[in-house]
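Let's take a walk through this structure together, with the sequence and the model side by side.

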Amino acid sequence: MKYLVYISSATKMLNQDELLDILTVSRQNNERRKLTGLLLYGGGTFIQVLEGEELALQEAYNIIAADDRHTNILKMTEGEIAERLFPEWNMAFKAPNAEEMAELGTYVNPGDKGFLENPAGNSILKLLSNFANTNRMVEIY
């Protein structure tokens with residue numbers, strides 16, 4: 001099984017209806033492709049982790065990369081995982097508040113030698129998994 005994590009900038013600030021549209025379509029597509037993951041959105045920035053079979057993952061990422069609702073897409077890391085970190089979620093979603101985003105900042109240090117460590121010790125995956133497990137994930141309807 002593979003995973004990838006990317007970060008991107010929204011081309012404009014998204015409202016709740018626009019986020020709902022993204023989530024509805026993403027969840028349907030991810031279920032069909034048997035992908036799971038987590039999407040964070042805050043301050044015009046997306047951070048997403050996707051996990052699944054390589055072909056389905058690449059197909060989804062190509063569609064994401066072509067989406068004109070965001071720009072400056074940077075694949076932060078990708079690799080192999082033994083098991084899913086987000087097995088219950090076609091697409092978990094959280095719009096973290098400023099305090100939660102600051103908490104993320106205290107754990108992420110791109111200057112650390114192991115920041116993009118691959119794969120089992122991946123600091124980014126640990127960070128996102130910990131965030132999902134310790135913060136209430138929100139379903140937007």
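Helix 1 has 18 residues and spans 25 Å from its first C-alpha to its last, close to the 26 Å expected at 1.5 Å a residue. Keep in mind as you look that this is a predicted model. Leu19, Ile22, Leu23, Arg27, Asn30 and Arg33 are the buried residues in helix 1. Viewed down the axis of helix 1, these buried residues fall within an arc of 135°, so they line one face of the helix. The spacing makes sense: an α-helix has 3.6 residues a turn, so residues three or four places apart point the same way. Turn to the other side of helix 1 and you will find Asp17, Gln28, Glu31 and Arg32 exposed.

Now look at the ends. Asn15 caps the N-terminal end of helix 1, with a side-chain oxygen 3.0 Å from the backbone nitrogen of Asp17. After helix 1 comes Lys34, which has a positive phi, near 60°.

Thr36 is buried, with a relative accessible area of 7%. Its side chain makes polar contacts with the side chains of Glu51, at 2.7 Å, and Arg84, at 2.8 Å.

Helix 2 (residues 54-66) has 13 residues. Here Ala56, Leu57, Ala60, Tyr61 and Ile64 are buried. Seen down the axis of helix 2, they fall within an arc of 130°, so they too line one face of the helix. What do the buried residues of helix 2 pack against? Their partners are strand 1 (2-10), helix 1 (16-33), strand 3 (45-52) and strand 4 (70-80). The face of helix 2 turned away from its buried side carries the exposed residues Glu54, Leu55 and Ala66.

Technical notes: Residues are numbered from 1 along each chain as its sequence is written. This is a predicted model: local features need pLDDT of at least 70, side-chain atom pairs count only at pLDDT 80 or more; totals for chains, interfaces and linings use all residues. Side-chain values use heavy atoms; hydrogens and water are left out. Helices (H or I, at least four residues) and strands (E, at least two) are DSSP runs, numbered from the N terminus. The expected span of a helix is 1.5 Å times one less than its number of residues. Buried means under 20% relative accessible area, exposed over 50%, partly exposed in between (1.4 Å probe, protein chains only). The arc is that of the directions from the helix axis to the C-beta atoms. Contact means heavy atoms within 4.5 Å. A polar contact is a pair of N or O atoms within 3.5 Å; within protein, one must be able to donate a hydrogen and the other to accept it, and residues adjacent in sequence count only if both atoms are side-chain atoms.
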